[in-house]
Amino acid sequence: MHRENWDDLRYMLAVAENGSVSAAARVLGVNHATVLRRISAFETRHGGEIFDRTPQGYVIPPDRQKVVDAAREVEAAVYSLERLIEGAQAPLCGTVRVTSTDTLCHGLLPEMLSGLARKAGDLRFELICSNSHLDLGRLDADIAVKPAIELQDGLVGALGARLGFAVYGDPDMAWLGMSGPIARSKPAQWLTEKVREKDFVSKADSFLTLREMVAAGVGKSVLPCVLGDADPRIDKVEDGMPDMSVGIWVACHPDMADVPRIRAVQRLLLEELSERSEAFLGETLDASVAPK
């Protein structure tokens, strides 16, 4: 496929997936006018409009849905080809992009990657901090180190450690809730069953932010033990929470699993996680200690 044609197709799919030109521009990292120009070029080349322009955004009419579905198949094939070519040519050097949550990126991953850099020779690392899902199929990152109940569909990997959770703060204060990506987490599910929506004093979309809110006395919150235990400003308390943990997975796209540098870094990350498993799981709360 001619490079210019593929770019037009990529812009068309970004609008289809995000529903507007402005949203597609943000995702692609370009300006609004560039997206409009690419969409116009795509529609001119193929002899008709793909989208209905409505006040609510760009809508795909039913008779054009097959065009978009076919474009997605082309996109998948192009990315698959790029991954396979990269894998066939990749020596144990270059940059490996590792994505993880802010909890791990601001916790232990920098220290872990420092250790990896000493073991991995000419490999270099880029750490991508995001609580949202990054598409490894589109090469947004090479390896994901993510806490989750189970390994995400479409990825292959292994369990490196478990991330424990506990309640931190003043037990007499109101609960802090979770929003955004962490609202789908296991502790958020438990809180939803325990606390009525109107009883949350505040919410945040990051465990790091929740920790700071606990430290400031805004309320109490469930936090990963690796964040709470290491912070002398806050106390772990007993508040009826059951033992809770989720796996920390080290994963990649199946097409990249046999790339030497990816395989090597995954193995080293799993070793580093295993060595720090107690810190990730957290110390068991001593039931003989009365809540403060």
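These legends walk through a few close-up views of a predicted model.

Residues are numbered from 1 along each chain as its sequence is written. Because this is a predicted model, local features need pLDDT of at least 70, side-chain atom pairs count only at pLDDT 80 or more, and totals for chains, interfaces and linings use all residues, while side-chain values use heavy atoms, leaving out hydrogens and water.

**View 1. The whole protein, before zooming in.** Here we have 11 helices and 11 strands; both are DSSP runs numbered from the N terminus, with helices being H or I of at least four residues and strands E of at least two. Of the 292 residues, 46% are buried, where buried means under 20% relative accessible area, exposed means over 50%, and partly exposed is in between (1.4 Å probe, protein chains only). Take the contacts (heavy atoms within 4.5 Å) with a separation of 6 or more: 74% of them come from residues 24 or more positions apart.

View 2. Side chains of opposite charge can pair when their charged atoms come close. The structure holds 13 salt bridges, each a side-chain nitrogen of Lys or Arg within 4 Å of a carboxyl oxygen of Asp or Glu. One of them joins Arg97 to Asp142, at 2.9 Å from N to O. Arg97 sits in strand β3 (residues 93-100) and Asp142 in the loop between β4 (122-129) and β5 (143-148), so this pair ties together parts that are 45 residues apart in sequence. Asp142 is buried, at 2% relative accessibility.

View 3. Glu271 and Arg267 are both in helix α10 (residues 260-275), four residues apart, or about one turn of the helix. Their side chains meet in a salt bridge of 3.3 Å, N to O. Glu271 is partly exposed at 33% relative accessible area, and Arg267 is also partly exposed, at 46%.

**View 4. Asp231, Arg233 and their network.** Salt bridges that share partners join Arg211, Glu212, Asp231 and Arg233 into one network. Within it, Asp231 bridges to Arg233, with the closest N and O atoms 2.7 Å apart. Asp231 is buried at 7% relative accessibility, whereas Arg233 is partly exposed at 47%.

**View 5. Two buried cysteines.** Cys225 is buried, with a relative accessible area of 3%, and Cys252 is buried too, at 0%.
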